[in-house]
Amino acid sequence: MSNFTIPKYSLVVISCAVAFLIASACAFDSGSAAEPLGDDLRGPQVFGSIRSQDIGESSGVAASKCQNDVFWTHNDSGDGPFIYAFNVKGDNLGTWNVEGATNIDWEDMAIARTRDGRCFIYISDTGNNKQDRAEVTIYRVEEPVVTEKDRGRRKRNAVATAKADSMQLRFPDRVQDAETLMVNQLTGEIYVLTKRLTEPSSIYKFNWPENQEVVTAKLVGTLSVPAIPNGLLTGGDMSSDARRVVVCDYARAYELTLPRESNDFDDIWKQTPRPIDLGKREAGEAIAYIPDASAIVATSEKLNSPIIIVRRK
């Protein structure tokens, strides 16, 4: 491209990007009115708000599979390596410092339960807005046991977790910005979905390595949701039985269901995502299933974030 066209081209690109971001945060196109809107789901309800004043940007959320009414979240970049526990009403159940971890740009989290009954929290340090990280990090730490003495703890008196394991992840095709992490607890496979402004989200799959080598993820498909932009995914989760997937953008959620006749989980990416109304949601980046997938919980990147629950009928 000749030099004299660069400023004009850049202005067009910046203008388009701003327009897309405004649309993504404020006025998403839900797609055709003929699309199903979740006939088996009730309307969104606000059950409470996250009360810990240390949580200003709930960027990921996960429901414990080992403890009743315990949810976990973390802040976006700019915070230390802290995870925060709360209940459905938003009460502060405690704060933990993830031993051996660093928060460069934490974007999502997931919980998987092992066959021996232990739960592990996976945290994706995969944010890459500047596209300057050739490798990103996934952490895995055993879920802390929440007790009454931990209630109300904040960052200044946080409890240390067990030492976290970590792995370095590389994408096979190009540097990516990714904000969605899922774990298939039946197979141990981990999925990361990218956040794309101008195209569908890319879906990558990999396994936790046996040693500290850098893992190159495998591209298994793309996902386009009925919104504009169609690939600006900010969070997601997989049901415990690996039959459902929920993802979100800043405003809405979308669910995919594996056909009954299929036993190949990756067939789920071929299904049409159906929109789910989350009500009023400001800069939503976090969504998860409760353990039996009978409800979906969503939070937002704001202080005292509402805790939005969508239950099945």
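Select Cys66 and Cys119 to begin: a disulfide joins them, with an S to S distance of 2.1 Å. A disulfide here is a pair of cysteine sulfur atoms within 2.5 Å, and the structure holds 1 of them. The link of Cys66 and Cys119 is right-handed, with 90° about the S-S bond. The pair connects distant parts of the chain, 53 residues apart: Cys66 lies in the loop between β2 (60-63) and β3 (71-74), and Cys119 lies in strand β7 (residues 119-125). Strands (E, at least two residues) and helices (H or I, at least four) are DSSP runs, numbered from the N terminus.

This is a predicted model, in which local features need pLDDT of at least 70 and side-chain atom pairs count only at pLDDT 80 or more, while totals for chains, interfaces and linings use all residues. Residues are numbered from 1 along each chain as its sequence is written, and side-chain values use heavy atoms, with hydrogens and water left out.

Cys119 counts as buried, at 3% relative accessibility. Buried means under 20% relative accessible area, exposed means over 50%, and partly exposed is in between (1.4 Å probe, protein chains only).

Asp69 is partly exposed, with a relative accessible area of 33%. Most residues other than glycine have a negative phi, and most peptide bonds are trans.

**The sheet that contains β7**

Return to Cys119 and colour strand β7 (residues 119-125). What is the order of the strands in this open sheet? There are 5 strands in the order β6-β7-β8-β10-β14, with mixed pairing. β6 (108-113) and β14 (215-216) stand at the edges, each with a single partner strand, so one side of each is left without a neighbour in the sheet. Two strands pair if DSSP finds at least two bridges between them.

Next, show β7 together with strand β8 (residues 136-142): they pair in the antiparallel sense over 6 bridges.

**Lys205 and its surroundings**

Move to Lys205, in strand β13 (residues 201-206). Lys205 counts as buried because its relative accessible area is 16%. Which side chain does the side chain of Lys205 meet in a polar contact? The partner is the side chain of Asp266, at 2.8 Å. A polar contact is a pair of N or O atoms within 3.5 Å; within protein, one must be able to donate a hydrogen and the other to accept it, and residues adjacent in sequence count only if both atoms are side-chain atoms.

Now display the residues that Lys205 touches: Glu189, Ile190, Tyr191, Ala217, Lys218, Val220 and Asp266, not counting residues up to four places away in sequence. Contact means heavy atoms within 4.5 Å.

**A cis peptide bond**

Select Ile228 and Pro229. A cis peptide bond joins them, with omega about 0°. Pro229 is in the loop between β15 (218-223) and β16 (231-232).

Colour strand β18 (residues 244-248) and find β19, which runs antiparallel to β18 and is joined to it by 5 bridges. A hairpin connects the two strands through 4 residues. Cys248 stands opposite Ala253 in β19. Cys248 is buried, with a relative accessible area of 0%.

Strand β19 (residues 253-257) is mostly covered, as 4 of its 5 residues are buried. β19 also pairs with strand β20 (residues 274-276), in the antiparallel sense, over 3 bridges. Ala253 turns up again here, opposite Ile276 in β20.

Go to Ala293, in the loop between β21 (284-289) and β22 (295-300). Ala293 is not a glycine, yet its phi is positive, about 60°. Ala293 counts as buried, at 8% relative accessibility.

**The whole chain**

Zoom out to finish. The chain has 1 helix and 23 strands. Buried residues make up 53% of its 313 residues. Among contacts between residues at least 6 apart in sequence, 59% join residues at least 24 apart. The accessible surface comes to about 14000 Å², of which 51% belongs to carbon and sulfur atoms. Accessible areas come from the Shrake-Rupley method with a 1.4 Å probe; for residues, only the protein chains shown count as cover.
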